[in-house]
Amino acid sequence: MNSTQKVAALLILLGPVTAAEVLKNITDNDLLEQIALEIASLNKVPVESLVGILEEFRSLFQASRYLAKGGKDYAKQVLELTYGPEQAKRIMARLEAMMNANPFQFFNEADPVQLATSFQNENPQLIALILAYLQPAQSARVLNNLTPEVQAQVAIKIADMDTTNPEILADIEKIVETKFSSVMVQDFSQAGGIDTLASILNRSDRQTERNVLELLEIENPTLADEVRELMFVFEDIITLDDRTIQRVLREVNTKDLALSLKGTKEEVREKIFKNMSERAQKMLRDDMEYLGPVRAKEVQDVQASICATIKALEAAGEIVIERDPGEDEFID
């Protein structure tokens, strides 16, 4: 069996719920399609093959943990003691091949607060390079824990990033590997850009989002506008048409909605109330009043959650978010 078939077999073994969670995190559409096709085409797989697949993945996950604990040499040493030199060599080769496709992989598993603390005094360009390759959710968590000034500097660097010389990147990785004992030398091609920054900010908390966008507005207004075009912030609800608002409201419970509207602009509230029945409006107003004073962080978190729901509906093609009034003109 090839590697894609093995992944398909593992997902079948894990069951539909877990498999769905795994597939949601695969961003390569071609790979996702290949795995889906293999899942659909796999029939009966011998028990011996399934046991072998499970053991192979177990050894790779185990090697990843060893690597995270003490670096490449430590992982190799423990694997040799566990499996013997030959099998350890094969496991490390497979692991390195996987890591080559995903630079700075270890940082996705690291504590974002500790990462932010370690990065705080680093060059913003280096932080930007690392965050550009991490999963957007992890990058957002790290960005949340940087100071506002560093957040803005890193954001600008990510947005400005384009292709980078692989030899220079190899040198940078050697420095990072020495300093953090967790990164292998990779061959990079391209990361970063405005899309990456928008994706990270979309997953950041509201305070970080505001800090970065406000400072970008000062440093580079054009860049700030380009990033905003790719994002959806809570106040942008007023730009949605009534039918879209009604579709979104079906996905949000009343308590979360009440919390999200605390302290928001009156026009945002009116836009929501306008698309509710009188009975639903009364229930929402009662819930808002009942809440009393709330922490800003709680409001920001639920607003971010609603924005994520809106973006998910857009990605599914159920709603359309008009970012440029001239973008969706009708043609006779």
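Predicted model: local features only at pLDDT ≥ 70, side-chain atom pairs only at ≥ 80, totals over all residues.
Trainee: What percentage of the residues in the chain is buried?

Mentor: A residue counts as buried when its relative accessible area is under 20%. The chain has 332 residues, and the buried share of them is 42%.

Trainee: Which part of the accessible surface of the chain belongs to carbon and sulfur atoms?

Mentor: The accessible surface comes to about 19200 Å². Of this surface, the part belonging to carbon and sulfur atoms is 51%.

Trainee: How many residues of helix H7 are buried?

Mentor: Helix H7 spans residues 124–133 and is mostly covered. Among its buried residues are Pro 124, Leu 131 and Tyr 133. Of the ten residues in H7, the number buried is nine.

Trainee: Which residue has a side-chain oxygen that reaches the backbone nitrogen of Gln 125?

Mentor: This contact is found at the start of H7. The two atoms lie within 2.7 Å of each other, and the side-chain oxygen belongs to Asn 123.

Trainee: Why does Ser 139 count as buried?

Mentor: Ser 139 lies in helix H8, which covers residues 136–144. The cut-off for a buried residue is under 20% relative accessible area. Ser 139 is buried because its relative accessibility is 0%.

Trainee: Which residues does Ser 139 touch, not counting those up to four places away in sequence?

Mentor: Contact here requires heavy atoms within 4.5 Å. With residues up to four places away in sequence left out, Ser 139 touches Leu 131, Leu 134 and Ile 200.

Terms used: Residues numbered from 1 in each chain as written. Heavy atoms only, no water. Buried < 20%, exposed > 50% of the residue type's maximum accessible area, 1.4 Å probe, protein only. Helix = DSSP H or I, 4+ residues; strand = E, 2+ residues; numbered from the N terminus. Polar contact = N/O pair within 3.5 Å; in protein donor to acceptor, adjacent residues only side chain to side chain. Areas by Shrake-Rupley, 256 points an atom, 1.4 Å probe, with all protein chains shown as cover.
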